[in-house]
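Subject: Structure handover

Hello,

Here is the structure I promised you. Please open it and keep it beside this email as you read.

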Amino acid sequence: MKIIGITGGISSGKSTVVSFFKEVSRIPIIDSDIIARDVVKPNTTAYKKIVQHFGRDYVLNDGSLDRSKLAKRVFSDHEARKFVNKITHFPIAFSIFLFLLKYFLRGEKVVILDVPLLYETGLNKICSKVIVVYVDEDKQIERLMKRDNITKEDAIEKISSQVPLSKKKSRATLVIDNNGTLSLSRNQVNSIFQNELQPILRSSRLPLVLGISCCLTLFSYLAWKCS
């Protein structure tokens with residue numbers, strides 16, 4: 001089974017690009033953002049540690065985390081970001097492993113791993129190919145200011161908390177230039193699907209023993225990375 005990583009940056013349009021992949025294929029997509037929300041639901045271990053560390057001011061009336069308020073703290077405070085990453089990385093990585101194992105046992109040949117912080121977390125190392133959704137920095141800042149209704153300075157601060165898109169682009173296997181229209185981005189997705197993913201889908205399955213070995217190696221790597 002081939003793991004295809006897809007990543008980008010804040011306001012690069014990655015979610016839109018992922019939706020295009022859903023339109024052209026039935027390849028399973030593991031969305032790390034959904035997993036990240038699940039691991040901090042009320043009464044989870046990560047939730048309890050976050051509330052204990054930051055206080056009840058970060059809890060909404062329904063008992064869930066105030067993710068918007070926490071995000072602001074994390075983007076502006078390096079130590080806060082380090083703390084949250086430390087307690088959430090393992091449960092997120094373990095959930096990703098379980099999804100990958102499920103899809104392998106189901107006989108899938110390709111899985112798309114959608115992770116905004118793919119390079120920052122080192123998960124690019126388990127991917128056979130990495131797709132980076134790229135936009136110019138000025139456009140990224142402009143989109144973020146409009147989306148979050150924030151100042152240019154705040155937008156730059158948020159963007160600077162991640163690896164620069166230009167650096168991710170230089171390390172990518174494939175790049176989707178998302179500076180243009182939706183139609184142009186969709187055409188690039190269609191091209192990648194036809195030229196890169198369809199040939200894998202037409203290939204023979206990985207031998208079971210080798211596949212299980214790969215899964216165990218993957219789990220060992222995730223456990224080491226998040227320890």
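How many helices and how many strands are there in the chain? There are eleven helices and five strands. Both are DSSP runs, numbered from the N terminus: helices are H or I with at least four residues, and strands are E with at least two.

Two notes on the source. This is a predicted model, so local features need pLDDT of at least 70 and side-chain atom pairs count only at pLDDT 80 or more, while totals for chains, interfaces and linings use all residues. Residues are numbered from 1 along each chain as its sequence is written, and side-chain values use heavy atoms, with hydrogens and water left out.

**The chain as a whole**

The chain has 227 residues, and 42% of them are buried. Buried means under 20% relative accessible area, exposed means over 50%, and partly exposed is in between (1.4 Å probe, protein chains only). Next, contacts, meaning heavy atoms within 4.5 Å. Take those between residues at least 6 apart in sequence: 74% of them join residues at least 24 apart.

**The cores**

In soluble globular proteins, nonpolar side chains tend to be buried together. A nonpolar core is a set of buried Ala, Val, Leu, Ile, Met, Phe, Trp, Tyr and Cys residues joined through side-chain atoms within 4.5 Å. The largest one here has 37 residues. Ile 30, Leu 70, Ile 96 and Leu 113 have the most contacts inside it. Several elements give two or more residues to this core, among them helix H3 (45–54), helix H4 (67–76), helix H5 (78–105) and strand E3 (110–114). H5 gives the most, with seven residues.

Now look at Leu 70. Leave aside its neighbours within four places in sequence, and Leu 70 is in contact with Ile 50, Phe 54, Tyr 58, Leu 65 and Val 84.

**The largest pocket**

On a 1 Å grid over the protein atoms alone, a pocket is an open set of points where a 1.4 Å probe fits, with protein on both sides within 12 Å along at least five of seven lines. Lining residues have an atom within 4 Å of a point. Grid points are joined across faces, edges and corners, and a volume is the space filled by probe spheres set on the points.

The largest pocket holds about 1600 Å³ of space. It is lined by 47 residues, and Asp 33, Ala 36, Phe 75, Pro 116 and Leu 117 are the closest to its centre. H5 supplies the largest share of the lining, nine residues. The lining divides into 20 nonpolar, 15 polar and twelve charged residues. For this count, Ala, Val, Leu, Ile, Met, Phe, Trp, Tyr, Cys and Pro are nonpolar, Asp, Glu, Lys and Arg are charged, and the others, Gly among them, are polar.

Which helix holds Lys 168? Lys 168 is in helix H9 (residues 165–171). Lys 168 is buried, at a relative accessible area of 0%. Its side chain makes a polar contact with the side chain of Glu 120, at 3.4 Å. A polar contact is a pair of N or O atoms within 3.5 Å; within protein, one must be able to donate a hydrogen and the other to accept it, and residues adjacent in sequence count only if both atoms are side-chain atoms. The side chain of Lys 168 also reaches the backbone oxygen of Pro 116, at 3.3 Å.

Ser 32 sits in helix H2. Ser 32 is buried, at 7%. A polar atom of its side chain lies 3.0 Å from the backbone oxygen of Asp 114.

**Loops and a distance**

Ser 11 is in the loop between strand E1 (2–7) and H1. Ser 11 is not a glycine, but it has a positive phi of about 65 degrees. Is Ser 11 buried or exposed? At 12% relative accessibility, Ser 11 counts as buried. Lys 146 is 135 residues from Ser 11 in sequence, yet their C-alpha atoms are 9.7 Å apart. Lys 146 itself is exposed, at 76%.

Asn 43 lies in the loop between H2 and H3. Asn 43 also has a positive phi, of about 80 degrees. Asn 43 is exposed, at 62%.

Best wishes
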